[in-house]
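Please look at the model below before reading on.

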Amino acid sequence: MHRSATLAMAAAALLLSACGSKAEDPVEQIVVRQPGSAAAPGATAASAANDPVTAGKVAFATCAACHAVEPGNASGSGPGLHGVVGRAAGSVAGFAYSEAMAKSGITWTAGELDAFLANPAGKVPGTAMVAGQVSDPERRAAIIAYLASLKD
Ligand code: HEC
């Protein structure tokens, strides 16, 4: 009786100390990893460093509302982006591009994609892509690495 009560108290003390350290750790990590920046979640930044393609796939979630990436390039609000790296701008058959994009003369190299994603309307004035600007260069690089991986 006495012995099991002691064990129960010891277990409770262990649980309490475990809870205590769990509550403290994340706060410490946020402060150390993200000084003065609330924008990029730590997990995304960490995986971007390890594997840009995986990080880019995660970051592409903001594009996926408008862009499909499967072979065949079915289009939604935006043209399909399978194999877009190396492709001529405005060339997915059946997609109603803006005149600006159709006549841009761009070939989507990594550099051109970087400029377009940094400032879509700056790169292609008159583009119909009104969302999807990515201000973080590391995030753009990851998205482009992901797009480059989408080949047949
Ligand atoms: C709100 C919908 C929308 C979002 C979100 C969006 N786009 Fe677009 N995107 C479009 C539209 C529409 C076009 C066609 C633009 C035109 O014709 O001027 C386009 C065109 C493009 C093109 C040119 C494709 C081609 O065939 O020439 C690329 C590359 C592109 N988007 C990448 C992205 C990426 C990467 C993201 C995410 C960071 C993104 N887009 C987010 C709608 C969107």
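**The iron site**

In this predicted model, the iron atom of the ligand has two protein donors, His67 (NE2) and Met129 (SD), at 2.0 to 2.1 Å. Donors are N, O and S atoms within 2.8 Å of the metal (3.2 Å for Na, K and Ca), and water is not among the atoms, so sites may look incomplete. Histidine 67 lies in the loop between helix 3 (52-59) and helix 4 (99-102), while methionine 129 lies in the loop between helix 6 (120-123) and helix 7 (137-148), 62 residues apart. Helices are DSSP runs of H or I with at least four residues, numbered from the N terminus.

| Residue | Distance to ligand oxygen |
|---|---|
| Arginine 87 | 2.9 Å |
| Tyrosine 97 | 2.5 Å |
| Tryptophan 108 | 2.9 Å |

**The shell**

Around the ligand are 26 residues (a heavy atom within 4 Å). Cys63, Cys66, His67, Ser98 and Met129 come nearest. Helix 5 (residues 110-118) gives the largest share of the shell, three residues.

Residues are numbered from 1 along each chain as its sequence is written. Local features need pLDDT of at least 70, side-chain atom pairs count only at pLDDT 80 or more, totals for chains, interfaces and linings use all residues, and side-chain values use heavy atoms, leaving out hydrogens and water.

Definitions and conventions:
Polar contact = N/O pair within 3.5 Å; in protein donor to acceptor, adjacent residues only side chain to side chain. Helix = DSSP H or I, 4+ residues; strand = E, 2+ residues; numbered from the N terminus.
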